[in-house]
Amino acid sequence: MSGRAGSAESFAFTADNLKAAKAVVAKYPEGRQQSAVMPLLDLAQRQLGWTSPAVIEYVADFLDLPAIRVWEVVSFYTMYYREPVGRYRLHVCTTTPCWLRGSDDVVRVCKEKTGLDFGETDEKGLFTLLEVECLGACVNAPILQVNDDYYEDLDADRTAALLDALAEGRQPSHGTLAERLNSAPEGGKTTLLEADARC
């Protein structure tokens with residue numbers, strides 16, 4: 001993917017993205033190329049930053065689909081943005097596992113630090129705050145997805161430090177922010193402590 005090209009009024013893939021789009025479509029059997037709608041929307045959104053009406057029309061033409069069919073996809077899935085978004089999209093999970101482990105604190109700090117409510121983007125175009133359903137990493141809850149990266153095991157202080165770093169143009173390493181290896185138990189092993197333990 002190379003650079004952003006297009007606007008809310010017009011859109012076309014860059015040369016690199018056109019080549020990538022053709023490669024995506026070629027993966028589908030003859031007569032099934034319309035199934036490429038989701039990856040092409042993703043490619044277009046990464047180029048422009050959101051799925052504008054011009055993107056929807058372009059992808060529809062590219063796949064010989066009625067525009068309403070593409071709009072149905074865009075309006076159903078939350079990963080497609082129907083308005084311009086910030087450089088950092090903050091997806092806060094608030095479903096039960098994250099809530100039980102403190103997502104209320106993550107939400108509070110995100111709102112305080114950014115001055116945003118869910119669905120809003122700041123005037124500088126830096127942050128967009130979004131509430132999402134389960135992100136599928138419940139073992140390391142609570143989770144904050146920033147663009148494509150997961151930040152896990154958050155609390156108020158870790159969330160504040162992460163947002164401060166992003167505001168300064170630094171993007172910390174993603175994954176768990178707790179003292180644990182991946183999804184291993186916090187505090188170390190609690191079972192099979194002996195070297196010759198048998199299951």
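Reader: Why is Asn147 called buried?
Author: In this predicted model, the relative accessible area of Asn147 is 18%. Buried means under 20%. The value of 18% falls under that cut-off, so Asn147 is buried.

Reader: Where is Asn147 placed?
Author: Asn147 sits in the loop between strand 4 and strand 5.

Reader: What is the phi of Asn147?
Author: Its phi is positive, about 55°, and Asn147 is not a glycine. Most residues other than glycine have a negative phi.

Reader: Why is Asp153 called buried?
Author: The relative accessible area of Asp153 is 2%. The limit for a buried residue is under 20%.

Reader: How do you know whether the peptide bond from Ala141 to Pro142 is cis or trans?
Author: Omega is near -5°, and the bond is cis. Most peptide bonds are trans. Pro142 belongs to the loop between strand 3 and strand 4.

Reader: Why is Asp149 called partly exposed?
Author: Its relative accessible area is 23%. Buried needs under 20%, and exposed needs over 50%. Asp149 falls in between, so it is partly exposed. Asp149 is part of strand 5.

Reader: With which residues is Asp149 in contact, leaving aside its neighbours within four places in sequence?
Author: Leu144, Gln171 and His174. Contact means heavy atoms within 4.5 Å. Asp149 and His174 are 25 residues apart in sequence, with their C-alpha atoms 6.1 Å apart in space.

Reader: Why is Val70 called buried?
Author: Its relative accessible area is 0%. That is under 20%, so Val70 is buried. Val70 is a residue of helix 4.

Reader: What does Val70 touch, not counting residues up to four places away in sequence?
Author: Val70 touches Val37, Leu41, Ile56, Val59, Ala60 and Leu65. Thr121 is another matter: 51 residues along the chain from Val70, with 25 Å between the two C-alpha atoms.

Reader: Which residues of helix 4 are buried?
Author: Val70, Val73 and Val74 are buried in helix 4, which runs over residues 67-76.

Reader: Why do the buried residues of helix 4 line one face of the helix?
Author: Look down the axis of helix 4. The buried residues fall within an arc of 95°, so they line one face. These buried residues pack against helix 2 (37-48) and helix 3 (53-62).

Reader: Which residues are exposed on the other side of helix 4?
Author: Ile68 and Phe76 are exposed there.

Reader: What makes the reach of helix 7 close to the one expected?
Author: Helix 7 has 12 residues. At 1.5 Å a residue, 16 Å is expected from the first C-alpha to the last. Helix 7 reaches 16 Å, close to that value.

Reader: Which residues of helix 7 are buried?
Author: Ala156, Thr159, Ala160, Leu162, Leu163, Ala165 and Leu166.

Reader: How do you know how helix 6 and helix 7 are set to each other?
Author: Two packed helices are described by an angle and a distance between their axes. Here the axes of helix 6 (residues 103-114) and helix 7 (residues 156-167) come within 9 Å and cross at roughly 35°. The crossing is right-handed.

Reader: What makes the contact of helix 6 with helix 7?
Author: Helix 6 gives Asp105, Val106, Arg108, Val109, Cys110 and Lys113. Helix 7 gives Ala156, Thr159, Ala160, Leu163 and Asp164. By class, these residues divide into 6 nonpolar, 1 polar and 4 charged.

Reader: How many helices and strands are there in the chain?
Author: There are 7 helices and 6 strands. Along the sequence, the pattern reads α-α-α-α-β-α-α-β-β-β-β-α-β.

Reader: What part of the chain do buried residues make up?
Author: They make up 41% of its 199 residues. Among contacts between residues at least 6 apart in sequence, 60% join residues at least 24 apart. The C-alpha atoms fill a box of roughly 60 × 45 × 30 Å along the principal axes.

How values were computed. Residues are numbered from 1 along each chain as its sequence is written. This is a predicted model: local features need pLDDT of at least 70, side-chain atom pairs count only at pLDDT 80 or more; totals for chains, interfaces and linings use all residues. Side-chain values use heavy atoms; hydrogens and water are left out. Axes are lines fitted to C-alpha atoms, for helices over the stretch in contact, and angles run from 0 to 180 degrees between N-to-C directions. Helices (H or I, at least four residues) and strands (E, at least two) are DSSP runs, numbered from the N terminus. A crossing is left-handed if the near helix is turned anticlockwise from the far one by less than a right angle, and right-handed if clockwise. Ala, Val, Leu, Ile, Met, Phe, Trp, Tyr, Cys and Pro count as nonpolar, Asp, Glu, Lys and Arg as charged, and the others, Gly among them, as polar. Buried means under 20% relative accessible area, exposed over 50%, partly exposed in between (1.4 Å probe, protein chains only). The arc is that of the directions from the helix axis to the C-beta atoms. The expected span of a helix is 1.5 Å times one less than its number of residues.
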